[in-house]
Amino acid sequence: GINKRVLVFYTVIVSSHIFIYRYHYSSIAILFYLVANLYLLKKFSFSKNNIFDLLVLLLLTSSVISTYTSFFYNGSSAMFGFFHLLSGILLYLYFKYLEDEKDLFQIIHMNHLYYAICLIIFVIFITVYVVARNFNHKFPMSIGGFHVSNIASMIAVNLPAVIVVYLFSKHRFKHIYILLIILSLLVLYYTHSRASILGVMISSLFIGFYYIKVERGTKIKLVLILLFISFFILMFIGKKLLDSNVFNTGSLVIRMSIWETYIERVLNHSILFGFGSNNEVFNTFLPIDYLSERVVTDLRYYFRQFQANPHAHNLYIQFFYNYGLYGFLVLGGILFFTFWFLVKKILQNNLSVIELIAYSVLCSMFFQEMFDYTMLDAMTYFPTAFALGIISRYAFVSTSIHTLKSNVKVNIKFIYALQLFIAFFISL
């Protein structure tokens, strides 16, 4: 099987990456590590019978083309975004070709260990802040110096997996997961991230539906989870009522103006391949005469309020902006076939626990990213790559653990060439 140090490294990085700003240099170190250990895959191939392999390959070509065509806008910095995407594709391959399913559960349990550490740290930050402010219910846009959207996205992709493990796993310490659920909801409450709450709610409903479908015995564990989530929702709505902004749509109005700007940018300047992987903000030097006065006013307000260029606050629009129509269609294919195989697995009653974890993570992420864009953060991106690898692994009956091998070997010369390629562009 794959060397355990790769698995340990993955779980540590994914769980602690929120403490490293974005991905520019830390992800390069991750990528070098993954490339250096490619030989551990022994043999692998992209299967012509697996649609996810095709979509991942198309996503890679989309990133290559958009990175090349966007040098006018981004220069060599576009390579950082490409490297970040490449690291996720390598993780997709690692976890698709793991020979022992026990390793997959080991990854999940270790990841939850570091997730718990992150939650405890944030709970400490919250406690200190609340006490220092005399229990003032209002909270800033950061917790301990970390933006609430990053923290909320961490919870959005980890909490569904925690719920699945608690409900379905026979792990001897699974009752500790109740504590993880409580801590997750507590921290999520203070992030006031409605996008992540939406993702968690939808994925929890999906998990509950499947649990009722397959479990014939007592439902006490599910009732307990539903009580926690219901109490959390009531508390969150109560907080919004207390703040007198439960019906405040200001942030949505600003988002709609940002979405319109991004779409207009692509339609007017680079519709086929977009502006490149590293471009999370729109190019301010481009003309704005085709933008409405309302949109320009909203953008000026955003700049004054946050002193920064906005990202798209929407994964799908951001993908359209970064990779153009080509990349957007690839993402649409991933969404469609993920849903297709999920429905197929449910109808056949052929969904394993590890697959349920993968689908629930993607379910939360796909809904959460409708109103935010935290894919740049490894805490969101790498678990997504892991989940896609798991779904691809079990997507077809023929793609069993015994047929995941091929005659394609990873040549050491290819590894050296890829490392030199990365080093060359980093030095630019």
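Student: Is His-192 buried or exposed?

Tutor: The general idea is a cut-off on relative accessible area: buried means under 20%, exposed means over 50%, and partly exposed is in between, using a 1.4 Å probe and protein chains only. His-192 has a relative accessible area of 18%, so this residue is buried. Keep in mind that this is a predicted model, in which local features need pLDDT of at least 70, side-chain atom pairs count only at pLDDT 80 or more, and totals for chains, interfaces and linings use all residues. Residues are numbered from 1 along each chain as its sequence is written, and side-chain values use heavy atoms, with hydrogens and water left out.

Student: Which loop holds Asn-349, and what is the phi of Asn-349?

Tutor: Asn-349 belongs to the loop between helix 13 (315-347) and helix 14. Its phi is near 50°, again positive in a residue that is not glycine. Asn-349 has 47% relative accessibility, so this residue counts as partly exposed.

Student: How many helices and strands are in the chain?

Tutor: There are 16 helices and 2 strands. The chain has 428 residues, and 54% of them are buried.

Student: What span is expected for helix 8, and what does helix 8 reach?

Tutor: The expected span is 1.5 Å times one less than the number of residues. Helix 8 (residues 176-191) has 16 residues and reaches 23 Å between its first and last C-alpha, close to the expected 22 Å. Helix 14 also can be checked: its 16 residues should span 22 Å, and its end C-alpha atoms are 22 Å apart, so the two values agree.

Student: Why is helix 8 said to be largely enclosed by the rest of the structure?

Tutor: Because 12 of its 16 residues are buried. Among them are Tyr-177, Leu-180, Leu-183, Ser-184, Val-187 and Leu-188. Helix 14 is mostly covered, with 14 of its 16 residues buried.

Student: How do helix 9 and helix 14 cross?

Tutor: Axes are lines fitted to C-alpha atoms, for helices over the stretch in contact, and the angle between N-to-C directions runs from 0 to 180 degrees. The axes of helix 9 (residues 194-214) and helix 14 (residues 353-368) come within 7 Å and cross at roughly 145°. For handedness, a crossing is left-handed if the near helix is turned anticlockwise from the far one by less than a right angle, and right-handed if clockwise. Helix 9 passes helix 14 in a right-handed crossing.

Student: Which residues of helix 9 and helix 14 meet?

Tutor: Contact means heavy atoms within 4.5 Å. On helix 9 the residues include Leu-198, Gly-199, Ile-202, Phe-206 and Tyr-210, and on helix 14 they include Leu-356, Tyr-359, Cys-363 and Phe-367. The residues of this contact divide into 11 nonpolar, 6 polar and no charged. Here Ala, Val, Leu, Ile, Met, Phe, Trp, Tyr, Cys and Pro count as nonpolar, Asp, Glu, Lys and Arg as charged, and the others, Gly among them, as polar.

Student: How many disulfides does the structure hold?

Tutor: A disulfide is a pair of cysteine sulfur atoms within 2.5 Å. The structure holds 0. Two cysteines can still be described by burial: Cys-118 is at 3% relative accessibility and so counts as buried, and Cys-363 is buried at 15%.

Student: What share of the contacts with a separation of 6 or more is between residues 24 or more positions apart?

Tutor: In this chain the share is 81%. Take Leu-119, which is in helix 6 (residues 101-132) and is buried at 0% relative accessible area. Neighbours within four places aside, its contacts are Met-154, Ile-155, Leu-180, Leu-183, Ser-184 and Val-187. Leu-119 and Leu-188 are 69 residues apart in sequence, with 9.8 Å between their C-alpha atoms.

Student: Which residues are in contact with Thr-380, leaving aside its neighbours within four places in sequence?

Tutor: They are Ser-153, Val-157, Met-365 and Thr-374. Thr-380 lies in helix 15 (residues 378-393) and is buried, at 0% relative accessibility. Its C-alpha is 6.1 Å from that of Met-154, which is 226 residues away along the chain.

Terms used: Helix = DSSP H or I, 4+ residues; strand = E, 2+ residues; numbered from the N terminus.
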